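Here is a quick briefing to read with the model open beside you. Take a look at the fold, then work through the points below.

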Amino acid sequence: MGALTDLHLNTTDGPITCVAAPDSVLAEASAMKPRPSFAPNLLTAEPTARLLWWPERQHLEPRTFTRLKWLIEAARGEAWLILDAGEPESPTEAELTKALSRVGLAIENSRAVGGQETAIRLH
């Protein structure tokens with residue numbers, strides 16, 4: 001199963017935007033009607049009710065997380081950050097927590113999805 005399925009997310013409940021998603025998510029999303037939106041990075045993403053983002057260590061800067069906070073607030077939505085322990089570019093939960101705290105975001109909960117990935121819900 002993939003992140004969308006494991007999180008019980010589908011577009012019949014409203015729009016979803018996937019940011020920097022791996023190819024496996026593209027395949028998973030192709031079965032949904034309507035399909036989720038995709039953006040290559042947070043700068044091109046639009047506010048949406050549910051946002052999933054696969055961050056990399058290079059994104060752990062205040063400017064990026066300020067944009068993430070704005071996307072969540074503008075949509076009055078929720079965000080899931082997906083970390084992949086098998087990817088060297090993926091940050092750890094501790095690194096992510098530190099970056100989030102700099103802009104006033106915090107982890108609400110986390111859970112395993114899609115094998116070796118961890119989905120972190122923000123509030």
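**Helices on a sheet**

Helix α4 shows the exposed residues Ala94 and Lys98 on the face turned away from its buried side; exposed means over 50% relative accessible area, buried under 20%, and partly exposed in between (1.4 Å probe, protein chains only). Keep in mind that this is a predicted model, where local features need pLDDT of at least 70, side-chain atom pairs count only at pLDDT 80 or more, and totals for chains, interfaces and linings use all residues. Residues are numbered from 1 along each chain as its sequence is written, and side-chain values use heavy atoms, with hydrogens and water left out. Helices (H or I, at least four residues) and strands (E, at least two) are DSSP runs, numbered from the N terminus.

**Helix α4 (93-101)**

- On the inside of α4 you'll find Leu96, Ala99 and Leu100, which are buried. They cover an arc of only 100° around the axis, so they sit on the same side of α4; the arc is taken from the directions from the helix axis to the C-beta atoms.
- Those buried residues of α4 pack against α3, β4, β5 (107-113) and β6, with contact meaning heavy atoms within 4.5 Å.

**Helix α3 (62-75)**

- Buried in α3 are Thr64, Phe65, Leu68, Leu71 and Ile72. Their arc around the axis is only 110°, so they are on the same side of α3.
- Their cover includes β3 (50-53), β4 (78-84), α4 and β6 (117-122).
- Just after α3, Arg76 has a positive phi of about 50°.

**The sheet**

- An open sheet of 6 strands runs in the order β2-β1-β3-β4-β6-β5, with mixed pairing; two strands pair if DSSP finds at least two bridges between them.
- β2 and β5 are the edge strands, each pairing on one side only.
- β4 and β6 pair in the antiparallel sense over 5 bridges, and Trp80 has Arg121 in β6 as its bridge partner.
- α3 packs on the sheet, touching β3, β4 and β6, and its direction makes about 155° with that of β3. Axes are lines fitted to C-alpha atoms, for helices over the stretch in contact, and angles run from 0 to 180 degrees between N-to-C directions.

**A buried loop residue**

- Thr48 lies in the loop between β2 (37-39) and β3, and it counts as buried because its relative accessibility is 10%.
- Leaving aside neighbours within four places in sequence, Thr48 touches Pro15, Ile16, Thr17, Ala75 and Gly77.
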